[in-house]
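Colleague: I am new to this structure. Please walk me through how to read it.

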Amino acid sequence: MPFVLIPVLVLIVALLAMCINIVPESYAYVVEYLGRYHTVWGAGPHLKFPVLFTIRRKVLLKEQVADFAPQPVITKDNVTMQIDSVVYFRITDARMYAYGVENPIMAMENLTATTLRNIIGDMELDATLTSREAINSQMLQTIDLATDPWGIKVTRVELKNIQPPAAIREAMEKQMKAEREKRAVILQAEGEKQSMILQAEGNKESAVLNAEAKKQATILAAEAEKEKEIREAEGQAEAIRKIHEATAEGLKLLKEAGADEAVLRLKSFETLEKVADGQSTKIIIPSELQSLAGLAAALKETTNAS
């Protein structure tokens with residue numbers, strides 16, 4: 001009898017093992033009971049009876065990335081371009097994701113292409129190439145609103161690549177080349193202008209410094225000449241003072257020696273002799289000296305007669 005129960009126990013354990021389902025982390029299982037929605041299993045072990053319960057869909061709850069193929073779009077100025085986009089999303093409601101739409105990823109791809117065509121169709125080529133942020137923002141708002149009933153939350157939309165026609169690309173490259181050459185010419189002209197300004201400022205500063213140096217040299221030369229004249233005048237004054245002192249000293253000695261008037265007059269004649277040695281053309285002789293000269297001439301005649 002015990003040997004008969006062993007297979008039964010093994011069968012019961014096998015059935016229990018088949019009924020136990022373990023849901024991994026970041027997953028959600030949509031479970032149906034006899035073909036109808038029953039519940040959503042989160043992460044962890046769950047008991048499922050094989051015939052009564054069925055796992056309809058295993059839903060990944062992580063943020064996912066959908067890279068869609070390039071889509072042809074036409075701008076407002078009738079330029080056809082190829083634009084591919086990338087959509088970042090995550091599933092917030094497993095039940096709505098399982099029953100909202102047949103193929104959510106394909107539906108989101110078609111919705112992205114339609115939205116992109118509508119947005120680009122209202123913009124010209126130049127605006128399309130320079131307004132990626134605005135396009136991304138409009139697409140995010142539109143797609144997120146449309147996918148909300150499917151249990152999908154769109155977190156980010158990016159335009160991956162914009163490919164204009166070859167002729168447009170060639171024209172754009174020529175325009176960019178011309179702009180670069182223009183900027184180079186402008187920068188060169190600005191550099192030459194700045195160089196001329198700096199050179200002129202340097203010349204001006206050099207001229208100012210030279211003028212200051214010449215002015216300083218003139219001032220120093222004038223001061224030196226003035227100092228020289230002052231020293232010469234002081235020397236002449238000192239010489240005159242010495243002469244007067246010597247004359248006064250001589251007169252004092254003559255007076256002390258008891259010299260008479262005739263001797264003093266003779267000294268005056270000697271002084272007159274020195275005066276006559278100058279460059280003057282006129283000489284003024286005092287009247288006393290003239291009388292003394294007449295007296296000397298009379299004495300001389302008397303002596304000759306004798």
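**Reading the fold**

Modeller: Start with D144, whose place is in helix 5. Helices (H or I, at least four residues) and strands (E, at least two) are DSSP runs, numbered from the N terminus. This is a predicted model, where local features need pLDDT of at least 70, side-chain atom pairs count only at pLDDT 80 or more, and totals for chains, interfaces and linings use all residues. Residues are numbered from 1 along each chain as its sequence is written, and side-chain values use heavy atoms, with hydrogens and water left out.

Colleague: Is D144 buried or exposed?

Modeller: First the cut-offs. Buried means under 20% relative accessible area, exposed over 50%, and partly exposed in between (1.4 Å probe, protein chains only). D144 has 18% relative accessibility, so D144 counts as buried.

Colleague: Which residues is D144 in contact with, leaving aside neighbours within four places in sequence?

Modeller: Contact means heavy atoms within 4.5 Å. With those neighbours left aside, D144 is in contact with I152, K153 and V154.

Colleague: How do I check the length of helix 5?

Modeller: Compare the span with the expected one. The expected span of a helix is 1.5 Å times one less than its number of residues. Helix 5 covers residues 132-147, 16 residues in total. From first C-alpha to last, helix 5 reaches 22 Å, close to the 22 Å expected. Helix 3 can be read likewise. Its 18 residues should span 26 Å at 1.5 Å a residue, and its end C-alpha atoms are 26 Å apart, which agrees.

Colleague: Which residues of helix 5 are buried?

Modeller: The general idea comes first. An α-helix has 3.6 residues a turn, so residues three or four places apart point the same way. In helix 5, the buried residues are I135, N136, M139, I143, D144 and T147. They cover an arc of only 145° around the axis, which puts them on the same side of helix 5. The arc is that of the directions from the helix axis to the C-beta atoms.

Colleague: What does the face turned away from that buried side carry?

Modeller: That face of helix 5 carries the exposed residues Q141 and L145. The cover over the buried residues includes helix 3 (104-121), helix 4 (125-130) and strand 9 (152-163). In helix 3, the buried residues include M108, L116, I119 and I120.

Colleague: How many residues has the largest nonpolar core?

Modeller: A nonpolar core is a set of buried Ala, Val, Leu, Ile, Met, Phe, Trp, Tyr and Cys residues joined through side-chain atoms within 4.5 Å. The largest one here has 31 residues. Those with the most contacts inside it are M81, I83, M108, L116, I135, M139 and V154. Strand 2, strand 8 (80-91), helix 2 (94-99), helix 3, helix 5 and strand 9 each supply at least two residues of this core. A second, separate core of 5 residues includes Y29, V31, W41 and F53.

Colleague: What does I135 touch, not counting residues up to four places away in sequence?

Modeller: I135 touches L116, I119, I120, M123, T128 and L159 on that count.

Colleague: And the sheet? In what order do its 3 strands stand?

Modeller: Read the pairing first. Two strands pair if DSSP finds at least two bridges between them. The open sheet of 3 strands has the order 3-2-5, with antiparallel pairing. Strand 3 (36-41) and strand 5 (53-60) stand at the edges with a single partner strand each, so one side of each is left without a neighbour in the sheet.

Colleague: How many bridges join strand 2 to strand 3?

Modeller: Strand 2 (residues 27-33) is joined to strand 3 by 5 bridges. Between strand 2 and strand 5 there are 7 bridges. E32 stands opposite Y37 in strand 3, and opposite T54 in strand 5. V30 stands opposite V40 in strand 3.

Colleague: Where is P72 found?

Modeller: P72 is found in strand 7 (residues 71-74). P72 is partly exposed, with a relative accessible area of 39%. P72 touches M81, Q82 and R117, not counting residues up to four places away in sequence.

Colleague: What does the secondary structure of the chain come to?

Modeller: The chain has 8 helices and 9 strands. Of its 306 residues, 20% count as buried.
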